[in-house]
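Work through the exercises below with the sequence and the model side by side, and try each task before reading its solution.

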Amino acid sequence: MDFTFTDEQQMLRDAVAGFLAARYDLEKSRSAVKTGAGWQPEIWRGLAELDVLGLTLPEETGGSGGGPVEAMIIAEELGRALVVEPYVDTVVVGGGLLRRSGGETAQAVLRQIAAGSARIAFAALEPGSGEVRHDVSVTARRDGDSWVLDGSKIVVTGAPIATQLIISARTAGERRDQDGISLFLLEFDAAAPPAGVEVHRYRTIDDRVAADLTFTDFRLPADALLGTEGQAWPVIDATIDDAIAAVASEAVGLMRKVLDDTVEYTKQRQQFGVPISSFQALQHRMVDMLIELEQSIAAAYLAAYALQAEPAERARAISAAKVTIGRATRLIGQESVQLHGAMGMTEELAIGHYFKRLTAIEYEFGNSSDHLARYIALTN
């Protein structure tokens with residue numbers, strides 16, 4: 001398989017990397033999360049102007065019709081710069097759910113995403129569900145011309161800054177049935193939630209914003225339903241695989257930066273009058289980090305290419321990548337902190353912030369054990 005980028009894809013990488021190098025400041029982004037709005041609107045507008053937000057969306061919705069490789073390139077560069085703005089939540093997850101659901105409402109929101117005026121959060125996880133997204137107990141029942149939702153969602157990343165929520169709810173069947181799940185679209189403002197929605201906002205360990213949501217007799221209009229009633233699981237399943245591939249690529253960008261910074265630090269840090277990079281034991285540890293990185297790059301590339309394969313092949317490649325990435329993020333993150341000494345965990349050094357995001361990625365969309373079990377099930 002040829003993993004060589006085309007000239008256009010290389011230009012995309014250079015453009016995104018150049019934009020972030022010139023305009024994305026790590027200290028400013030952390031301040032935005034900890035004491036500000038949780039994101040930087042000017043960065044989001046810049047990404048829209050650069051066509052980063054619309055590049056992988058359909059042309060009929062104002063996008064450029066790009067594919068998984070373009071999404072992989074973008075996600076990797078966003079990871080290298082440790083961007084907290086909700087690209088995966090909005091473009092990959094939100095865009096994927098809307099594109100696969102279809103309909104005029106979905107098309108309109110996709111145009112808003114491409115223009116930079118929409119930010120999407122997917123309310124899927126529930127108390128006790130783990131990462132099983134077909135474990136849905138939030139109910140949606142018809143009442144005249146409305147849908148009435150009841151139940152709770154947890155760890156809805158990006159919800160505090162979202163303009164729209166996409167909510168999974170059960171319209172038929174029993175908990176954990178794949179059939180009977182539907183998707184609903186809600187215009188949303190966490191600062192002024194509608195009647196019947198309770199929002200508990202918080203900051204995650206990796207400096208993202210998230211919220212837990214509780215719906216109590218919450219009414220939505222009939223046209224809030226996305227796609228076909230009760231048939232949303234294939235849409236969700238394929239979209240989450242898109243998201244895992246994107247996060248795997250983000251992890252590659254993070255690990256590239258972490259390894260580069262660690263190697264550079266060991267060249268500067270001296271002990272016994274020589275750089276610690278000259279110590280063979282530390283060289284071996286950095287070689288181990290490089291090997292894990294190279295394996296992760298190959299796994300992320302394979303995952304991106306497999307997104308257009310038939311479902312079982314796609315799922316195997318995605319789960320293999322998640323297991324590989326999970327092992328690598330742990331080793332590279334922990335080794336980088338140790339090789340930086342106690343400074344590695346301080347707020348002043350970038351390495352500590354990268355380590356937190358790498359740790360979160362290990363568990364995002366399922367951990368290594370979850371995906372190893374999924375891979376085994378798909379090969380039997």
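Predicted model: local features only at pLDDT ≥ 70, side-chain atom pairs only at ≥ 80, totals over all residues.

Residues are numbered from 1 along each chain as its sequence is written, and side-chain values use heavy atoms, with hydrogens and water left out.

**Exercise 1. Find how many salt bridges the structure holds, and describe the one between Glu 76 and Arg 256.**

Solution. Begin with the general idea that side chains of opposite charge can pair when their charged atoms come close. A salt bridge is counted where a side-chain nitrogen of Lys or Arg lies within 4 Å of a carboxyl oxygen of Asp or Glu, and the structure holds 29 of them. In the pair of Glu 76 and Arg 256, the closest N and O atoms are 2.6 Å apart. Helices (H or I, at least four residues) and strands (E, at least two) are DSSP runs, numbered from the N terminus. Finally, Glu 76 counts as buried, because its relative accessibility is 1%, where buried means under 20% relative accessible area, exposed over 50%, and partly exposed in between (1.4 Å probe, protein chains only).

**Exercise 2. Decide whether Arg 314 and Asp 241 are buried or exposed, and say what their salt bridge ties together.**

Solution. The closest N and O atoms of Arg 314 and Asp 241 are 2.8 Å apart. Arg 314 belongs to helix H9 (residues 311-339) and Asp 241 to helix H7, so this pair links parts that are 73 residues apart in sequence. Both residues are buried, with a relative accessible area of 9% for Arg 314 and 1% for Asp 241. As a further step, follow the salt bridges that share partners: they join Arg 13, Glu 76, Glu 77, Arg 80 and Arg 256 into one network.

**Exercise 3. Describe the salt bridge between Arg 208 and Asp 206.**

Solution. The closest N and O atoms of this pair are 3.9 Å apart. Turning to burial, Arg 208 is buried at a relative accessible area of 16%, and Asp 206 is buried at 7%.

**Exercise 4. Which element holds Ile 376?**

Solution. Ile 376 is found in helix H11 (residues 368-379), and with a relative accessible area of 42% this residue is partly exposed.

**Exercise 5. Describe the lining of the second largest pocket.**

Solution. A pocket is found on a 1 Å grid over the protein atoms alone, as an open set of points where a 1.4 Å probe fits, with protein on both sides within 12 Å along at least five of seven lines, and its lining residues have an atom within 4 Å of a point. Of the 18 residues that line the second largest pocket, Glu 131, His 134, Trp 233, Asp 237 and Arg 374 are the closest to its centre. The elements giving two or more residues to this lining are H7, H9 and H11, and H7 gives the most, with five residues.
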